[in-house]
Amino acid sequence: MTVKPEISWTDFEKIDIRCGTVVSANDFEKARNPSYQLEIDFGDLGIKKSSAQITSLYSKEELVGLQVLAVVNFPKKQIANFFSECLVLGVYGEDKKEVTLLTPSLPVKNGMQVG
């Protein structure tokens, strides 16, 4: 296991991780790897789009209504014909093909910040 270099508290404070609720999930047919296009409601921050390679563990139907954690202050990233506006967080499985999403253990208000 590779451990990443130590960062400062100031470095961590630059990362804006928020909780949001998935409002739609669709197949991303133009992606190289099986993926979904997600729309996530972050409350006052609005609805942001994300591409997520989570098809092996999650169906589109079970994603809708699920609260997830995401980094919301990365620049937009173009993936094929889609612009991803946030990075949904998850834990890689041993083969790095399965991703388990990070979710709050209790419901929280959309847009609440991780700290």
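## Terms and model

Buried means under 20% relative accessible area, exposed means over 50%, and partly exposed lies in between (1.4 Å probe, protein chains only). Helices (H or I, at least four residues) and strands (E, at least two) are DSSP runs, numbered from the N terminus.

This is a predicted model: local features need pLDDT of at least 70, side-chain atom pairs count only at pLDDT 80 or more, and totals for chains, interfaces and linings use all residues. Residues are numbered from 1 along each chain as its sequence is written, and side-chain values use heavy atoms, with hydrogens and water left out.

## Strand β4

Strand β4 covers residues 67-71. Of its 5 residues, 5 are buried, so β4 is largely enclosed by the rest of the structure. Q67, L69 and V71 point one way from the strand. V68 and A70 point the other way.

β4 has pairing partners; two strands pair if DSSP finds at least two bridges between them. Strand β1 (residues 17-27) pairs with β4 in the antiparallel sense, over 5 bridges. There, C19 stands opposite L69. Strand β7 (residues 87-88) also runs antiparallel to β4, joined by 2 bridges.

## Annotated domain

An unreviewed UniProt entry places the feature "domain: TRNA-binding" at residues 11-115. UniProt positions are given in the numbering used here, feature names are shortened, and annotations may be inferred rather than shown by experiment. Over residues 11-115 the chain is 7% helix and 40% strand. The end C-alpha atoms of that stretch are 13 Å apart.

## Aromatic pairs

Rings of Phe, Tyr and Trp (its six-membered ring) pair if their centres lie within 6.5 Å; planes under 30 degrees apart count as stacked, over 60 as edge-to-face and the rest as tilted. The whole structure holds 2 aromatic pairs. W9 and F12 form a tilted one, 5.2 Å centre to centre with 40 degrees between the planes. Both lie in helix α1 (residues 9-13), 3 residues apart, about one turn of the helix. W9 is exposed at 56% relative accessibility. F12 is partly exposed at 26%.

F28 and F82 have ring centres 5.4 Å apart and planes at 55 degrees, so this pair is tilted. F28 sits in the loop between β1 and β2 (36-41) and F82 in strand β6, so the pair ties together parts that are 54 residues apart in sequence. Both F28 and F82 are buried.

## A80

Most residues other than glycine have a negative phi. A80 has a positive phi, near 55 degrees. A80 lies in the loop between β5 (77-79) and β6 (82-84). With a relative accessible area of 40%, A80 is partly exposed.
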